[in-house]
Amino acid sequence: MGNIGAKEVPVLLSPEGLRIDGRKLDELRPIEIRAGVLRQADGSAFVEWGQNKVMAAVYGPREVHPRHLQQNNKAVIQCRYNMAAFSVDERKRPGLDRRSQEISKVIAEAFESVVFAEEFPRTSIDVYIEVLQANAGTRCAGLVAASVALADAGIPMVDLLPAVAVGKVAGAIALDLKKEEDNFGEADLPMALVPQSGRLVLLQMEGHMTEEELSRSLDLGVAGCRVIYEKMKAALRERYSVEPVATEAA
Amino acid sequence: MDEAGLPELVLPGDYLGAAEEYLPGRGTYEDRGRIYASLLGRPAIDPTDRTIRVDPRNAVPEIQEGDLVYARVDEIKTAMAVCTVLTPATSRRGVPGKPEGTVHISKAKEGYTETLSGEFAVGDILLARVLQAHPSVKLSTAQPTLGVVSARCQACHALLSLGSKEPTCPRCGHKERRKLARGATPLPPGGDGSDDAD
């Protein structure tokens, strides 16, 4: 979005069915996940996903600040999603804005449904997500990073939480949109999956889709989440340096 | 599946076994008749009652009987010192909930203690052993290696040098009395009483 006046829509889908960066419709961008990257945090992770770079840190369970948010029967999960001023082409005004507040909220709520918060009453589990470089899909990348960081921090939970966005570009349903596809595409549908139960704990949508397209998108997204799930597990195994072991599939 | 058939490491969400086969223990949960791991760690089975558990790798610290802990003195009463348990001696992570612990006057040092204020002062960091973890946390410093590991001058609030038998303030020369921990004891980060970092 370098200059505002530019209206030129890039060719999002080639006649051969390849996308702007040469991917197939059901292909993810390359993902690299590392767990335990920060020394001071109780748990942390770094995710490089296409041209996204996201760092997540988890602290706690620790004292709740501000105090009035404290709950006597469980831990509160406080999440802060933040984009660095330099994470986008045009400098982003630093600090909270409506978008980051909303993303913080939906991510915190996604984790509330998988973390066993009742084990730590009167405490707070603080999740910090810093987007260092953004190229669409940062809420999913942030969620993946935060989920790995939570596992790294030894917080008990139902499962890891892989996430991915599906969208509609040039009339076709495509997995894991990058920036141009997100900007000029027709729809964007981020989701987060609990692989253990098959439940979705985050689902948002922007744009328009038919019922049939939505249903296909969900299937594609769930399949994408399962691929990401394996990468998250591999990152945690590497951090605790154990070779991948075949566990009985759920 | 016995002990030998278990993987070295499981992650949250990994399937461990059927609920007919095991009891879900620490670090696991049961969902629709199946037991899954809720923590990252090494699975183990208790042969006595077929409980399957996960021994976590980076566990949230909890205090158990017999543990060594760092605690901050908050109040000195006639018969006991009221403290906040900060961290286990082996961890740099805070104990969630900052539980309150007490050192009874009879457990402050070996032998008879006339008055507790001659052994501890408010703000001191203690290395103590947990005598009881539930329902209330009871601590003891009645061992040569246990006691005060960090203290401030009552007169000028400078950090006392605890090397000698009689703690002395390096700034104002004020002399104090403490039940000191003898021997090398690593301090937890932020454990000098300077802040509340957990």
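Reply: Let's start with a term: a salt bridge is a side-chain nitrogen of Lys or Arg within 4 Å of a carboxyl oxygen of Asp or Glu. One such pair joins the chains here, with the side chains of A:Asp42 and B:Arg93 meeting at 3.5 Å, N to O. Across the interface of chain B and chain A, the rule finds 3 salt bridges.

Before going further, a word on the ground rules. This is a predicted model, where local features need pLDDT of at least 70 and side-chain atom pairs count only at pLDDT 80 or more, while totals for chains, interfaces and linings use all residues. Residues are numbered from 1 along each chain as its sequence is written, chains are lettered from A and ligands numbered from 1 in the order in which they are written, and side-chain values use heavy atoms, with hydrogens and water left out.

Back to the interface. There are also 13 residue pairs in polar contact across it, both residues at pLDDT 80 or more. (A polar contact is a pair of N or O atoms within 3.5 Å; within protein, one must be able to donate a hydrogen and the other to accept it, and residues adjacent in sequence count only if both atoms are side-chain atoms.) On the side of chain B that touches chain A, the elements giving two or more residues are β3 (28–31) and β4 (34–37) of chain B. β4(B) supplies the largest share, 3 residues. Strands here are DSSP runs (E, at least two residues), and helices are runs of H or I, at least four residues, both numbered from the N terminus.

What kinds of residues make up that side of chain B? They divide into 13 nonpolar, 4 polar and 10 charged. For this count, Ala, Val, Leu, Ile, Met, Phe, Trp, Tyr, Cys and Pro are nonpolar, Asp, Glu, Lys and Arg are charged, and the others, Gly among them, are polar.

As for the extent of the meeting place, 27 residues of chain B and 34 residues of chain A take part in the contact, meaning heavy atoms within 4.5 Å. The two chains bury about 2,500 Å² between them, 57% of it on carbon and sulfur atoms. In chain B, the residues losing the most area to chain A are B:Leu9, B:Pro12 and B:Asn58, together 18% of what that side buries. Buried area is the accessible area (1.4 Å probe) that two parts lose on being put together, summed over both.
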